Amino acid sequence: MKRKIVHIDEEKCNGCGECVSACAEGAIELAHGKARLVAERYCDGLAACLGECPQGAISMIEREADAFDPEAVEHHLAEQTKTSPKTETGPSADLPCGCPSTQMQTFSASTPETTGATTARSGSTLTHWPVQIKLVPPTAPFLKNADLLVASDCVPIAYPNFHEDLLKGKVVMMGCPKFDETNEYVEKFADIFRTADIKSVTVAIMEVPCCAKMPMIVRKGMEVAAKAMPIDIVVVGVKGQILQRLQRAA
């Protein structure tokens, strides 16, 4: 049948996920850093998502499409609820696709707080959000022409000078090569290297064996993307000291 349905312009979409959380039918999802229609039968054509897109990437068009199916939507939402992260009070509303915690932000590094003549703490050198590998879309504006720091999750906890020595001047992405999916990481980095014109990569890992996968994952991403760039590897000991720094040419 011919009816009104969502159209997403992938060239304009920056993967922010606002449209995902705005769609009560669950008709839109993020895939490879872009919003896409899950299935035509889930879209009711009422355009609730239209005003939520900051890039103007969503429009309503009239074309041949499957009819809207409310029963299919109920089943689809029920399946989403089953696979959603759980909290103590029930399913989490913070899905890894469009919740406020995944909204991209770029900001200035903070300055140290002082009380009289005493410095209360060092300033943060973080300049963007999100930071988890799974949540950063390849088209994130802060990745463009960036010096990228890929850090294993434990590194900022173990190394006390993480912000000043490793993060300052870089864009950071964090994850765990032991608990997360290797192929998913390789695909994500390949997409980033194809898209973002990354200038250099620093990989910060712990001395433990499972962390050794992270440099290999990053190199595989470069290989898949057919890109080459300088890569530095920093190994941090469990007692908080830098054990080794390795430099690799592009």
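Which residue just after H6 takes a positive phi? In this predicted model, that residue is Ala-226, whose phi is about 55°.

**The chain as a whole**

The chain holds six helices and 15 strands, and buried residues account for 42% of its 250 residues. Among contacts between residues at least 6 apart in sequence, 64% join residues at least 24 apart. The chain exposes about 13500 Å², of which carbon and sulfur atoms supply 52%.

**Helix H6**

Helix H6 runs over residues 213-225, and because each of its 13 residues is taken at 1.5 Å, the helix should span 18 Å, a value that agrees with the 18 Å between its end C-alpha atoms. The buried residues of H6 are Met-214, Pro-215, Ile-217, Val-218, Gly-221, Met-222 and Ala-225. These residues cover an arc of only 160° around the axis, which means that they lie on the same side of H6. On the face turned away from that buried side, H6 carries the exposed residues Met-216 and Glu-223.

The cover over the buried residues of H6 includes the elements in the following table, four of them strands and one a helix.

| Element covering H6 | Residues |
|---|---|
| Strand S11 | 147-152 |
| Strand S12 | 171-175 |
| Helix H5 | 182-195 |
| Strand S13 | 200-206 |
| Strand S14 | 231-236 |

Taken together, H6 has a buried side that includes Ile-217 and Val-218, covered in part by helix H5 and strand S14, while Glu-223 is one of the exposed residues on the face turned away from that side.

Key:
Residues are numbered from 1 along each chain as its sequence is written. This is a predicted model: local features need pLDDT of at least 70, side-chain atom pairs count only at pLDDT 80 or more; totals for chains, interfaces and linings use all residues. Side-chain values use heavy atoms; hydrogens and water are left out. Helices (H or I, at least four residues) and strands (E, at least two) are DSSP runs, numbered from the N terminus. The expected span of a helix is 1.5 Å times one less than its number of residues. Buried means under 20% relative accessible area, exposed over 50%, partly exposed in between (1.4 Å probe, protein chains only). The arc is that of the directions from the helix axis to the C-beta atoms. Contact means heavy atoms within 4.5 Å. Accessible areas come from the Shrake-Rupley method with a 1.4 Å probe; for residues, only the protein chains shown count as cover.
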